[in-house]
Structures are given as C-alpha cells and as structure tokens.
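The entries follow in the order in which I wrote them.

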Amino acid sequence: MEMLAKSEVKIVAALENYVQSVKEEGQEAPHEVRRFLAEVQGKVRVSSQEHYAENPINAFHLVQRFHYMWGRMSSLIICSKCPETNASRDYYSTLEAIVNQSQVFTSKEDVKGVALGLLRLWVTYKLDIDKLIRGHILDTETDSLAVSDILYIAELLNETNQTYDTIVWLQALLNAFEAGKIEQADDIKEVNIVLRLAEAYSSYGMPWESINRLVEYQMKDPRDEGIDRNISYYKSKLSSIPKEHRSKTLQPPALYANQRRYHAVCRGEGERSQRILSSLKCFYRKTKIPIYRVKEEVLNYAPRLSLFYDVIFDSEAKFIKEASYSMLQRSGVIRTDDRNKVSDGRISETGWHSDSSHPFFESLGRRVEIITGLSTRQYPFESHSENFQVVNYGIGGMYDPHTDLFGVSLPDLDRKGVNPPYLQGSGDRVATFLFYLEDVKAGGATAFVNINVTVPVVKGAAAFWYNIRRNGDADENTKHAGCPVLLGSKWISNKWIRQHAQVFRRPCGKSPDAQDGPL
Ligand SMILES: O=C(O)CCC(=O)C(=O)O
Ligand SMILES: [Fe+2]
C-alpha cells in the first residue's frame, strides 16, 4: 500500500485541522484543497518520524511526490494573490503559516539527494542496472523507475561530467524501452532517448557509436527525418578524429584505490590473510560482575575490534528510538574551524541523550562500563564519556570513512567551543561502543576500511574498539565508515568513551604494539 512520507503526514494533518476549523466556523475550504486531501486519504500514515522508505526506488518516488505536493501547496499560496479566487485572504495566509511552521519544504535539492543516493547504492553494491531500473533489488521487487526518473538521473550524471555512467543509464533505459520492460510515458518517445545517447557517446569521444545508435533507430523508423541531420552532424564530428584514434572503447572510470576498497568492504569482500582469520575467536568475556559474561566475537586483534552479542533488549532498543524521534536532526561532523557542520559525507539524522536524562540511559551507561571495564561516568566537568548519540540512516544514508578521534589538540577544541563544558579536559575518544538497534535488510554495515573488516548490523549487538593505541598514538587502522543503507532503516546508538579517566583501567602497554587482550 502506498505510504505518505513523514513530512507529508505533517502537512496533511495540519491541513485537515485547518479544514476542520474552517468547517466549524460554517465555511468551506477551497475546492483545490479539499480535492487534494481526498487524494491522499486512504493512504497509510506512518506514525513515527522514522525514515521508512523500503528501498531506493520507493525513496525516490516519495521525495518526488512530496516535491510535487509542495509545488501545489505553494501555488495555492501564490493564489492568495489571484483575484478570481473566492477563498478569503485569511485562509491563504494561514496556509502559508502552516507550511512554514511544518518546515516541510522539499526542494529540488532533496530530489537530487535521493537520486544521488540511488547512484551511490548502484556503485557501492555493484547493482545490476537492468534489474535496478525495473525495480528488482537483490531478492526484493518494487515499482520500476519511471522513464522520466532515468532521464533525470542520466542528466544529473551528464551535468557532473560522468559521461560513462550517463551512457550506461541511457543504454539500459533504451534496452528496457525496446523490450517493453518499462512503463512508457506519453511524452517521451524512443527517439528522445536515442538522441541523448548519441550525444553522450559523442562527448565521450566515440561519435561512431552515436552514428550506430542513430542508424539502428533509423532502420526501425525511417520516417523520422531529423535523424538524417543528426547522423550527418556526428559524421562531421567523426571526420575530425584521426583514424588511429578511433579504437576507444567504453571503460568504467577508475576509482581511487581507497574508494574501491571502501566499497569492497561494504560488500563484505574485504580480503584478509588466513593467518589473521584463523586467529579470530568467539568466547564468553568476563566482566566486572563475576556471574555475568558477555558473548564476544573478536573481529580483529590489532586494533582490537569486537562484536558483543545480546547486549541490548528489543524493548530497550525500541525505547531509545521512541525517545529520539522528536529530536532527530540532520547529523553534522565536527570541524575545528566551525562548530558542527552538515556534510555530504554523513547523511543521517542524530539525537543525543545524557545518562542523567532518564534512568534507562543511566543504566545503559553502567552496562557499557561493566562490559568494557572502562568508566563512562558523566559529571558537569571532565566527564568520562559523551552523551549517547542516536543515529537513524534512511535509504542511501551513510557516513564516509573517518576515525572517531578529533585529530587536533583538545584544548583547541575546548577553546573553539566544540567540546561542551561537561567534556572539557576529558581527553580524546579513546574507545567507541556502538549498539545496533535494528536489523537492516541490506547494506549499512560498519566497514573498517584499512583492515578489511565488515561489521554486520546485528540487532541487539554492539561493536567496540579502541581508537587510540596503548602507547597513546591515534590508531589510523580504526578508520571506519557507515556503509550506505540499501534496504531498510538503520538505527544505532553509540557511547564515546574519553581517554583521561581510563588511565588505570587501560594502562599504557609495555611496547607501542601492546595489544588489548580480554579483561
Ligand atoms: O553507522 C555506522 O555504522 C558507524 C557510525 C559512526 O562511525 C559514527 O557515528 O562515528
Ligand atoms: Fe565513527
């Protein structure tokens, strides 16, 4: 069943309230608004604020639909200036206020954002383009992309000079179009696609392929006279290319090695030596409480990286999500020159909870202490850990490779006001404890890119690692990423543990390479 996006839910609810209040005053809202509400009636409303689109195509369509809806709303507002309307000015100014208050403006940038998300998923997970455009993603099926969606994506690629990818998308569209495997649109004919493809081949430096495509099309539809003109145009382009330079073939763009590796680790294809793999273990780890042991799977030894299973109940994960919905905001990344900046390298929403905000968070902080043997106590100054961070990633949401350390002197950070008072003097983020609150259907792993380790998203489990080596150096091998979510919605919560208070709990090692063993 079709669903309404969270922002749609907000605006529809606001409009319904308004129509109701107008009715109570014995008046009627304008026809356009009533028709609009009738259209969305009967669609499922999601009650939560969660990113809930099921898959990238669904996400794309939702954002587009909302963008369209916003367009209609704004035209209603503009109509307050239309003399022929019989609704009162008052009505429209209220409508304008509703729209402004609900902050539901969905811009062209948002549409572009979901298209880029779809492309990110295509590249990272090497999705089969023919299946993708027809709505087959892994073993799931959804609507196919509309012809206009694919042309939009191809244009986006073209604008950013990604000509190889433009050709791949247009060719896939043409194939699906010819095979009748995609719903055809009245206003887009096969010839439009062929002409765009010819243009893309020519900018790639292969005008002979432009000619081939046009000739193929001409054989099917010899009546189209414009095609001849286009063929002559590309022939003249071809004549300017010396014969010895006509052997070019389509080559996927070479990715930087680190990007290739990031993608491979996200797909779970990071390679590790047998020596390392055979040293890994699962066991019950002793904790500070003699009768409580925790299931630990060591995923890597240097740096020590573990996954602890069954460390948070489903009901607790639900509690965290519910406590966070209303505070979720687009995540930032800390920059020393600026406080907290939204970045294209981190696409998710975040909320924060101090341990003292609720007895549950207090007890969860204690749980992290019991399992890790480190202190997470929070004080007005020099706290041992940060507030719990809760993050929700929607489809395509991700966090590019980074280390959790600040990488600058902390007094600098304090001076710039990035470190809140309760953390000043606390030291850097010696360790990260990261709970997975939900399973993800596909994608979304935490990828340790330098050591080729893929930490799967396992509901109820938590990943744990030290960001600083036992000799005090930053450990670059803890560089990690939140891989793009392919299907589902990813929820995590993490506790960053600060360095200074752990001086006796995790003392310096005897050698710079001293490893972290079991407690
Ligand atoms: O989403 C993930 O798996 C990793 C999150 C992360 O690295 C962070 O929040 O610092
Ligand atoms: Fe991180």
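I began with the shell around ligand 1, which by class has three nonpolar, four polar and one charged residues; here Ala, Val, Leu, Ile, Met, Phe, Trp, Tyr, Cys and Pro count as nonpolar, Asp, Glu, Lys and Arg as charged, and the others, Gly among them, as polar. The residues around the ligand are V391, Y399, D404, T446, H480, G482, I492 and N494, where a residue is near a molecule if its C-beta atom, placed from the backbone, lies within 6 Å of it. Strands β20 (480-482) and β22 each supply at least two residues of this shell. I noted that helices (H or I, at least four residues) and strands (E, at least two) are DSSP runs, numbered from the N terminus.

Before going on I wrote down that this is a predicted model, in which local features need pLDDT of at least 70 and side-chain atom pairs count only at pLDDT 80 or more, while totals for chains, interfaces and linings use all residues. Residues are numbered from 1 along each chain as its sequence is written, and chains are lettered from A and ligands numbered from 1 in the order in which they are written.

I then checked the record: an unreviewed UniProt entry carries the annotation "domain: Fe2OG dioxygenase" for residues 380-499, and I keep in mind that such positions are given in the numbering used here, that feature names are shortened, and that annotations may be inferred rather than shown by experiment. In the model, this span is 5% helix and 39% strand, and its end C-alpha atoms lie 17 Å apart.

Next I traced the open sheet of nine strands, whose order is β5-β6-β7-β19-β15-β22-β13-β12-β8 with antiparallel pairing; two strands pair if DSSP finds at least two bridges between them. Which strands stand at the edges? They are β5 (282-286) and β8 (329-330), each with a single partner strand, so one side of each is left without a neighbour in the sheet. For β5 the partner is β6 (residues 293-300), joined to it in the antiparallel sense over five bridges, and R285 has V294 in β6 as its bridge partner.

Strand β15 pairs with β22 in the antiparallel sense over seven bridges, and Y436 stands opposite I492 in β22. Five bridges join β15 to β19, again antiparallel, with A462 in β19 as the bridge partner of F435.

Most residues other than glycine have a negative phi, and most peptide bonds are trans. The peptide bond from A302 to P303, however, is cis, with omega near 5°, and P303 is found in the loop between β6 and β7. K126 has a positive phi near 45° and lies in the loop between α5 (108-124) and α6 (129-133). Is K126 buried or exposed? With 12 other C-beta atoms within 10 Å, K126 is exposed. D310 also is not a glycine and has a positive phi of about 55°; I located D310 in the loop between β7 and α14 (314-324).

How values were computed: A residue is buried if 20 or more other C-beta atoms lie within 10 Å of its own, exposed if 12 or fewer, and partly exposed in between; C-beta atoms are placed from the backbone.
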